[in-house]
Amino acid sequence: QSTDLRGDGAEYTLRATVEAGTCEYFCKARNSLGEKESPAQRIDVQYAPINVKITAPTAPPVGENITLRCESQANPVVNSYSWRKLCGSQSTDLQRDGAEYRLRTAVEAGTCKYFCTARNSLGEKESPAQRIDVQYAPINV
């Protein structure tokens, strides 16, 4: 979608935002003999990870191997991930440095919250908690 940004003279100032980095910019010069538009320019807006979240399968059965995925937006790209789980008040760092974490579901897994942290050279951000709704037959009856 094209938006006409009005500026006075040869300069235009805008705030460097994530959205500004997704657009192409042109300028147009006019005089009494005609007009000419510049080639497109893109602004390389750099920012720490944002919108960090975990995607997980919905309601996996107990004993199934599943993959949790850490997703985010960042520029420069995310160069490392870390994972942790919180079971009650016990926080445990998980030995995995990648965008995916694989685990075998167990009844206990459904009582824990999982988190991932995405990092790049400008900063880091942790995801909101992700629970796994593990499905299992009745126990302790």
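**Disulfides and overall form**

A disulfide joins Cys87 to Cys112, with an S to S distance of 1.9 Å. The pair links distant parts of the chain: Cys87 sits in strand S7 (residues 80-87) and Cys112 in strand S10, 25 residues apart. The model is predicted. The link of Cys87 and Cys112 is right-handed, with 105° about the S-S bond. Cys87 is partly exposed, at a relative accessible area of 25%. Cys112 counts as buried, at 3% relative accessibility.

Cys70 and Cys116 form a disulfide as well, their sulfur atoms 2.0 Å apart. Cys70 belongs to strand S6 (residues 65-75) and Cys116 to strand S10 (residues 112-120), so this bond ties together parts 46 residues apart in sequence. The torsion about the S-S bond of Cys70 and Cys116 is about 70°, so the disulfide is right-handed. Both Cys70 and Cys116 are buried. The count comes to 2 disulfides. In sequence order, the bonded cysteines pair 1-4, 2-3.

Cys23 and Cys27 remain to be described. The closest cysteine sulfur to that of Cys23 is in Cys27, 16 Å away and too far for a bond. Cys23 is partly exposed, at 33% relative accessibility. Cys27 is also partly exposed, with a relative accessible area of 49%.

The protein has 12 strands and 0 helices. Its radius of gyration is 24 Å, whereas a compact globule of 141 residues would have one near 14 Å. The C-alpha atoms fill a box of roughly 90 × 25 × 20 Å along the principal axes. Buried residues make up 24% of the 141 residues. The protein has 17 positive and 17 negative side chains, and the centres of the two sets lie 4 Å apart.

Definitions and conventions: Residues numbered from 1 in each chain as written. Predicted model: local features only at pLDDT ≥ 70, side-chain atom pairs only at ≥ 80, totals over all residues. Heavy atoms only, no water. Helix = DSSP H or I, 4+ residues; strand = E, 2+ residues; numbered from the N terminus. Rg over C-alpha atoms; globule rule 2.2 N^0.38 Å. Buried < 20%, exposed > 50% of the residue type's maximum accessible area, 1.4 Å probe, protein only. Lys, Arg positive; Asp, Glu negative; His and termini not counted. Charge placed at Lys NZ, Arg CZ, Asp CG, Glu CD. Disulfide = S-S within 2.5 Å.
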